[in-house]
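Colleague: Before I use these labels in my notes, I would like to know what stands behind each of them. Could we go through them one at a time?

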Amino acid sequence: MSVAKGLRRTLIGTVTSDKNDKTVSVVVTRRIQHPIYGKFVQRRKKYMAHDPDNSCRVGDVILLEECRPMSKMKRWTVKKILERAV
């Protein structure tokens, strides 16, 4: 089962670490409604993403795209930098 190029999943997240070569650590925050109480709560998940140009810095908001497994942890690649850190 293969995924067509245009149908890959995308996520928006914030870079938390750029210490590794060609790899960034990204936190994706999403808001969900609690099933019983109805309150909106934030859920966070950390992803490792491939950054071939080492262009991302800590605090940047980036668009991630699903890709083939690059290593044990990396299954996402940086598609675009949406907002630069100040």
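What follows is a set of questions about the terms used for this predicted model, each answered from its values.

Colleague: What makes the strands here a barrel?

Modeller: Five strands close on themselves in the order β1-β2-β3-β5-β4, and the pairing is mixed.

Colleague: What joins β2 to β3?

Modeller: There are 11 bridges between β2 and β3, and these strands run antiparallel. They also form a hairpin, with 6 residues between them, where Gly38 in the turn has a positive phi of about 80°.

Colleague: How do you know that Gln42 sits beside Arg31?

Modeller: Gln42 belongs to strand β3 (residues 40-50), and in that strand Gln42 is the bridge partner of Arg31. The two are 11 residues apart in sequence, yet 4.6 Å apart in space, C-alpha to C-alpha. Leaving out residues up to four places away in sequence, Gln42 touches Thr29, Arg30 and Arg31.

Colleague: Why is Gln42 called exposed?

Modeller: The relative accessible area of Gln42 is 52%. Exposed means over 50%, so Gln42 is exposed.

Colleague: What makes up the largest nonpolar core?

Modeller: That core has 11 residues: Val15, Val24, Val26, Val28, Tyr47, Ala49, Cys56, Ile62, Leu64, Trp76 and Val78. Two or more residues come from each of β2, β3, β4 (61-66) and β5 (74-83). The most come from β2, which gives 3 residues.

Colleague: Which residues does Val24 touch?

Modeller: Not counting residues up to four places away in sequence, the contacts of Val24 include Val15, Tyr47, Ala49, Cys56, Ile62 and Val78. Ser17, Asp18, Met48 and Asp51 are also among them.

Colleague: Why is Cys56 called buried?

Modeller: Buried means under 20% relative accessible area. Cys56 has 1%, so Cys56 is buried. Cys67, at 15%, is therefore buried too.

Colleague: What makes Glu66 and Arg9 a salt bridge?

Modeller: Their side chains meet at 2.9 Å, N to O, and the cut-off is 4 Å, so the pair is a salt bridge. The pair links distant parts of the chain, with Glu66 in strand β4 and Arg9 in the segment before β1, 57 residues apart. Arg9 has a relative accessible area of 51% and is therefore exposed.

Colleague: What does the salt bridge between Asp18 and Arg57 tie together?

Modeller: The closest N and O atoms of Asp18 and Arg57 are 3.4 Å apart. Asp18 is in the loop between β1 and β2 and Arg57 in the loop between β3 and β4, so the pair ties together parts that are 39 residues apart in sequence. Asp18 is partly exposed at 25%, and Arg57 is partly exposed at 45%.

Colleague: Are Arg84 and Asp60, which form another salt bridge, buried or partly exposed?

Modeller: Their side chains meet at 3.0 Å, N to O. Arg84, in the segment after β5, and Asp60, in the loop between β3 and β4, are 24 residues apart. Arg84 has a relative accessible area of 47%, so Arg84 is partly exposed. Asp60 has 1%, so Asp60 is buried.

Definitions and conventions: Residues numbered from 1 in each chain as written. Predicted model: local features only at pLDDT ≥ 70, side-chain atom pairs only at ≥ 80, totals over all residues. Heavy atoms only, no water. Helix = DSSP H or I, 4+ residues; strand = E, 2+ residues; numbered from the N terminus. Buried < 20%, exposed > 50% of the residue type's maximum accessible area, 1.4 Å probe, protein only. Contact = heavy atoms within 4.5 Å. Pairing = 2+ DSSP bridges. Core = buried A, V, L, I, M, F, W, Y, C linked by side-chain atoms within 4.5 Å.
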